[in-house]
Amino acid sequence: MSPTSRFRTLRNGGAVELAAIPVVAVEEFRASVLRAAKAGLRLCALFARPVEGGTGLCSVLADDARGFLYTLFSEPTRAFRSLASDLPQAHLFEREIAESSDIAVSEHPWLKPVRMGFPDAAVFFRESGDEVHEVAVGPIHAGIIEPGHFRFQCHGETVHHLEIQLGYQHRGVEALLAGGPDRRCVFVAESISGDTAVGHALAYCSNLESLAGARASLRGEALRAAALELERLSDHTGDLGAMSGDVGFLPVAAYFGRLRGEFLNMLMALCGNRFGRGLVRPGGAAFDLTNAMAEDFSARLARARTDLNAISGLLFESASVLGRFDETGVVSRQTARDLGLVGLAARASGLDLDVRRDHPHGFYRFRHIPVVKIDSGDVYARAMLRHLESLRSLDFLEELIADLPRGAARAACPAPRPGRFAVCLVEGWRGEICHVAETGDDGRFRSYKIVDPSFHNWPAVAMAMRGGEISDFPLCNKSFNLSYAGHDL
Amino acid sequence: MTALFENLAALLIVPPLMPGIITKTKAAFGGRKGPPVLQPYYDLVKLMGKGAVYSRTTTRMFRLGPTLSLAAVVLAGLLVPLVRASALAFPGDAILFAYLLGLSRFATVAAALDAGSSFEGMGASREVAFSSFAEPSLMLAVAALARATGGFSLSGMFGGAIASSFGAGLVLIVGSLFFVLLAENSRIPVDDPATHLELTMIHEVMVLDHGGPDLAFILYGSSMKLLLWSSLLVRLLLPFVPGAEGWAVWSLGIAAVAVAIGVVESSMARLRLIRVPQFLVAAICAAAFAVMLTLK
């Protein structure tokens, strides 16, 4: 029996009838997910969904080598035996299920709230001993960053354990989307994580289109891909600047900040918003790129490439910077695989994963982008990867803009059909964004599940700090630059 | 008597100018305009006009810290040759200088520990650990200069007639003192005065809980300490400038040191914290070699 025989197969960005998805007893659901994961499939989402007569479970797994997604439902249940001991990827998903539904999770190794457990109420892992001390940071930080609580167990300057407690940004995004689609929904999707407005809006709109059985216009798809790559460029260069700033290399931080502005200004020229809000809409893109603008963009991209190479040269050729980046915050390949890391963090640890290549959707079906990976798993790898990916994105953008498909930027997108289930994966700049939508009999969302790449990757920050120095934490954290809002939803 | 007043004027008025120049230099490297050179003065005036908030967990030590720290630095400043040779110089005042700076640090560290926060404890531990590496280089440099000049006071050693055969030794001492200056005044590559990341700070994290006039005292005191170290460097090199004694050359020298610090901060990243002792041991070695050169 093949490890995926229980599951319903679908393609990224596709939709199926709800009735076509197998519903199995919870023990069999558990065994099937475990068997598929043992066979090398990756857990994209595991969540509780309301069904008639209670709450059932849903899993979405990805076969990255073949480009298929697999999904399976469980019968309504009140109890679920944890997978986390055998499948660490499931750890946070199960805590989320236990916290947000009436399903009780048993035998979980560290069952505590994901978003609802604030530090004064939560239990933290503690070391004891005369020379061990505990350092608690946040949720209010000295800089202007998002709120999160970090609890370190230290021996002198060495970190033995880090536990991260988030949830301060919980806004109930999934609950806001359920019952949709309405005019508000796309704005909610754009605000899931402020720096990934295009990525999340793209996943949301693709789901809406596939639920309706419609397609976006080809030119619209191309414009969306352009915006997604511009978002990647602006965030990657912004992060390189922030990492330079964290090691005190201030001039380069300022140069990268200026370069980031160039990409944001291009998004601004395209859609009137520096973060690409308002561009991606069901059926395509709300704004079009004129020929004059395309020529202007090509010139600006060429200049940006020259600047990027020059500024990155300053950063990566400075011995003092490399002294800080090398071998700091290492995440091994095995750890990355066990934790189910996605996107940039996974590729920096040597995993060959990229939704744009493995599960191509939208314009990535027509135009390919080479995947870059680095094996060292340290801060250097995550910094260098940002530089290399930016160069690939520039190549992609220059070719794309020089040869945009003709036609309208936006096609009509009718209302979703009832009783359907859609999954969309988008490679946002941090990694895989997963949106899973399900419509009820009235054609409205019965449930809408969002998995931001940060949700997969936060545990990696804790693992990267093990045995490291506490003074390297800000740099290490910045090298991942995960979203608090995207995790907290 | 005029020498005393001139030095006192330099000691009390000039210090905030140095961080202003450093910030301006760094801004120029980053392609920015940067805040005005006089901004540190405005900040001090603003802070002096504020009230202070004290945590209920702190004791009298917390309030005493900034005042004691500033007082010790001012006293130390009276011993250092600034525009003129110090009027209060006496043989062996270098030892008192080192211990007054030590007292100033003790006051800051004790106040930080008094706040009871885990960050400030970490900052205090780092500050004390690193300064114990910085102190030997000062002592060794003083020993080498004492032999090279035959003077036993700071004014005699810094700015006195250095034996002409001491060229290589002087280079080593200037290098060693510049390293110690960067470490003692929490500059890059040892500490980053501009960072907001509480887990990586050394000096800044110790003063997180101070505000208002207390913070003004701390900022004023640390800029004064920077001036003292810079003045030692400038005085060391003054004999090589013809007709050097006086405000013009001294001020230019101080400004040059500030620019040099700004250039160092713009051209390299901060060291990893465990590498800082190695940096300071290099300073100790340089000073030790300078001593050896005087023994031949």
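In chain A, β15(A) and β16(A) run antiparallel and are joined by six bridges, with strands being DSSP runs of E at least two residues long and helices runs of H or I at least four long, both numbered from the N terminus. Two strands count as paired if DSSP finds at least two bridges between them. Within this pair, Val436(A) has Lys449(A) of β16(A) as its bridge partner. The model is a predicted one, in which local features need pLDDT of at least 70 and side-chain atom pairs count only at pLDDT 80 or more, while totals for chains, interfaces and linings use all residues. Residues are numbered from 1 along each chain as its sequence is written, with chains lettered from A and ligands numbered from 1 in the order in which they are written.

The two strands belong to an open, antiparallel sheet of four, ordered β2-β14-β15-β16 in chain A. The edges are taken by β2 and β16 (445-451) of chain A; each has a single partner strand, so one side of each has no neighbour in the sheet. From one strand to the next, the twist averages 10°. Helix α5 (residues 197-212) of chain A packs on this sheet and touches β2, β14 and β15 of chain A, its direction making about 150° with that of β14(A). Axes here are lines fitted to C-alpha atoms, for helices over the stretch in contact, and angles between N-to-C directions run from 0 to 180 degrees; contact means C-beta atoms, placed from the backbone, within 7 Å.

Strand β14 (residues 420-427) of chain A is mostly covered, with eight of its eight residues buried (20 or more other C-beta atoms within 10 Å of a residue's own; exposed is 12 or fewer, partly exposed in between, with C-beta atoms placed from the backbone). On one side sit Arg420(A), Ala422(A), Cys424(A) and Val426(A), on the other Phe421(A), Val423(A), Leu425(A) and Glu427(A), and all are buried. Strand β2 (residues 15-17) of chain A runs antiparallel to β14(A) and is joined to it by three bridges, with Val16(A) partnered by Phe421(A).

Strand β10 (residues 149-155) of chain A pairs with β11(A) over seven bridges, and Cys154(A) stands opposite Val159(A).

Then there is helix α6 (residues 218-246) of chain A. Of its 29 residues, 27 are buried, so α6(A) is largely enclosed by the rest of the structure. Gly248(A), with a positive phi near 80°, follows α6(A).

Chain B has 12 helices and zero strands. Its C-alpha trace spans about 60 × 45 × 40 Å along the principal axes, and 51% of its 296 residues count as buried. As for the interface, 23 residues of chain B are in contact with 25 of chain A.

Methods
Contact = placed C-beta atoms within 7 Å.
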